[in-house]
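Here are my notes on the model, as numbered points. Please read them with the structure open.

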Amino acid sequence: MAQSVNDRRRINGPEESFPPVFDDEDDDEFKLKTQRKRGPGDIRPIFLQPGLISQANGSAYIETEKTKIACAVYGPRQSKTTTYSEKGRLNVEVKFAPFSCTRRRAPMRDAEDRSIGVSIHQAIVSSIRLELFPKSTIDVFITIIENDGIEGCIASGSLAASTALADAGIEMLGLVASCSAAIVGDGIQLDPTEAEARASSGTVILACMPALDSITSIWQSGQMSADLSLKCMEQCYERCNDIHSIVAQSLLEHRKTD
Amino acid sequence: MSSSSVTNSSAADETLRAQIFQRLHPRVYLERFIAEKIRPDGRTFDEWRNVSVNVGSISTADGSALVRMGDTTIVCGVKAEIAEPELDHPEQGFLVPNIDLPAICSPKFKPGPPTEEAQVLSDRLNEALVASGVLSLSSLCIHPGQAVWTLYVDCTCINYDGNAFDAALLAMLGALRSTTLPKATYNEETGRTTCSRKTRSPVQLTRNFASSSFGVLDTSHVLSDPTAFEEPLMDVTLTVIVDDRGELISTTESGGAISEETLLRCINRAKERALQLKD
């Protein structure tokens with residue numbers, strides 16, 4: 001992958017390099033069939049650990065099989081912008097580690113991490129009582145250490161962000177849980193991996209606050225019938241209830257060990 | 001009941017006052033600990049923090065390592081790509097080490113391009129890997145003059161609690177040691193290189209080494225493995241890299257002057273440390 005040669009702030013390699021080409025690239029279909037071992041309605045097991053980053057006000061690390069994401073919350077701290085604002089500002093920044101994807105990511109920020117940042121911002125912003133933090137900014141930084149499907153990254157990222165916010169003691173209306181679904185053939189598969197999402201015709205990511213019975217964000221892309229997308233949302237919402245109890249459990253356990 | 005709650009709140013008051021004191025007068029705060037021959041985190045001067053290394057946990061990388069040194073956490077991943085060699089070194093591959101100190105790891109870093117600290121660290125890590133000749137670049141050759149491997153060794157700091165250099169070097173070496181490359185063949189007719197999914201072989205490292213960092217306060221107190229709180233207060237910082245046979249690879253000293261005796265003491269301590277880290 002071509003890296004900007006003029007970037008003197010980093011150690012640069014050769015002008016151009018390419019990821020290796022394998023001589024048997026045709027077994028993707030075969031892999032997909034063998035890969036999904038769980039049922040269509042099952043999600044990958046979630047490992048969630050709040051408070052691993054000691055320098056941050058709050059933090060969380062989440063692992064769902066291959067997807068690995070670290071999240072830290074700094075703030076509320078003084079806003080840098082000079083304009084007065086009565087409400088606090090929520091700032092979400094997502095960063096991919098260079099080795100997190102199948103192809104190496106050049107260290108420059110591209111459009112993808114921004115769009116993930118916006119989706120996660122959408123998912124959690126309505127859960128935070130921003131009116132309590134005038135003139136302040138809450139920074140949520142997310143590093144994706146290993147990526148296995150963008151949908152899963154957004155869902156797990158929202159979950160980690162909400163957990164980290166709770167760990168930081170920031171007042172919220174409720175914890176946010178999030179789940180994704182993909183349409184593969186005629187069926188719905190929850191929490192798709194990268195290969196499954198690639199084989200699907202459309203995806204839905206839903207974020208909600210199960211404790212308040214309200215939805216914070218829905219992101220649907222690709223082609224699907226209205227009926228099917230409603231069904232996806234229903235299934236995701238149901239799963240979110242289970243996910244919510246995992247988050248609550250991990251926060252409680254973390255408090256006990258403190 | 002009431003008396004216990006009173007002592008509780010006064011104890012909380014004490015800690016709060018200590019925290020405020022630490023913030024306002026960090027140097028005096030540290031000096032008071034030093035006078036008692038102990039450090040703020042309860043270590044003695046020449047005690048190291050616990051180190052754990054977890055190798056090969058990232059499947060998207062060709063080699064990876066996660067290092068925790070106390071609270072400092074660094075992940076390193078190696079990505080192998082194929083490039084054309086430079087004309088004057090037709091058989092040499094590339095080794096490209098970089099470290100990123102993103103905003104996630106400490107409140108003192110802001111999002112954006114690499115900070116000065118990250119640039120200096122990347123450069124020092126590059127120097128260390130090049131100076132030690134840990135990897136023979138000609139072993140990365142696929143076909144002379146046409147195709148060679150490029151190993152991108154990228155470190156990301158997740159939690160910054162001082163002494164990132166030692167942790168990053170440990171992570172880079174751990175990741176390189178776990179790196180395997182697919183068997184690659186260069187086709188002279190098509191000029192393309194293809195790899196086999198089935199056969200992979202490990203990268204050969206020539207030696208095993210570790211770095212040890214020290215901070216010197218008031219020319220006489222030598223603190224091993226300084227934390228993020230101690231680091232900026234040190235008068236002199238010293239990094240010694242030795243290999244497991246006790247041979248010196250690099251010594252960096254920055255800041256004020258130190259005596260020869262202190263330097264030799266640090267080198268001896270670094271030798272012991274390198275042997276400890278070997279297993």
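1. Strand β8 of chain A (residues 177–184) is mostly covered, with seven of its eight residues buried. Buried here means that 20 or more other C-beta atoms, placed from the backbone, lie within 10 Å of the residue's own; exposed means 12 or fewer, and partly exposed lies in between. Strands (E, at least two residues) and helices (H or I, at least four) are DSSP runs, numbered from the N terminus.

2. This is a predicted model: local features need pLDDT of at least 70 and side-chain atom pairs count only at pLDDT 80 or more, while totals for chains, interfaces and linings use all residues. Residues are numbered from 1 along each chain as its sequence is written, and chains are lettered from A and ligands numbered from 1 in the order in which they are written.

3. Which strands pair with β8(A)? Strand β10 of chain A (residues 202–209) runs antiparallel to β8(A) and is joined to it by seven bridges; strands count as paired if DSSP finds at least two bridges between them. Within this pairing, Cys179(A) stands opposite Leu206(A). Strand β9 of chain A (residues 187–190) is also antiparallel to β8(A), over four bridges, and Gln189(A) is the bridge partner of Ala182(A).

4. The hairpin of β8(A) and β9(A) has two residues between the strands, and Gly185(A) takes a positive phi there, near 65 degrees.

5. The contact between the chains takes 36 residues from chain A and 47 residues from chain B, where contact means C-beta atoms, placed from the backbone, within 7 Å. On the side of chain A that touches chain B, β7(A) gives the most, with four residues. That side divides into 18 nonpolar, eight polar and ten charged residues. Nonpolar covers Ala, Val, Leu, Ile, Met, Phe, Trp, Tyr, Cys and Pro; charged covers Asp, Glu, Lys and Arg; the others, Gly among them, are polar.

6. β2(A) and strand β8 of chain B (residues 192–202) pair in the parallel sense over two bridges. Phe22(A) stands opposite Cys195(B) in β8(B).

7. Chain B has five helices and twelve strands, and buried residues make up 43% of its 279 residues. Its C-alpha atoms fill a box of roughly 85 × 50 × 35 Å along the principal axes.

8. An unreviewed UniProt entry places "domain: Exoribonuclease phosphorolytic" at residues 47–182 and 210–272 of chain B; such annotations may be inferred rather than shown by experiment. Residues 47–182 of chain B are 23% helix and 37% strand. Residues 210–272 of chain B are 21% helix and 44% strand, with end C-alpha atoms 10 Å apart.

Terms used:
Contact = placed C-beta atoms within 7 Å.
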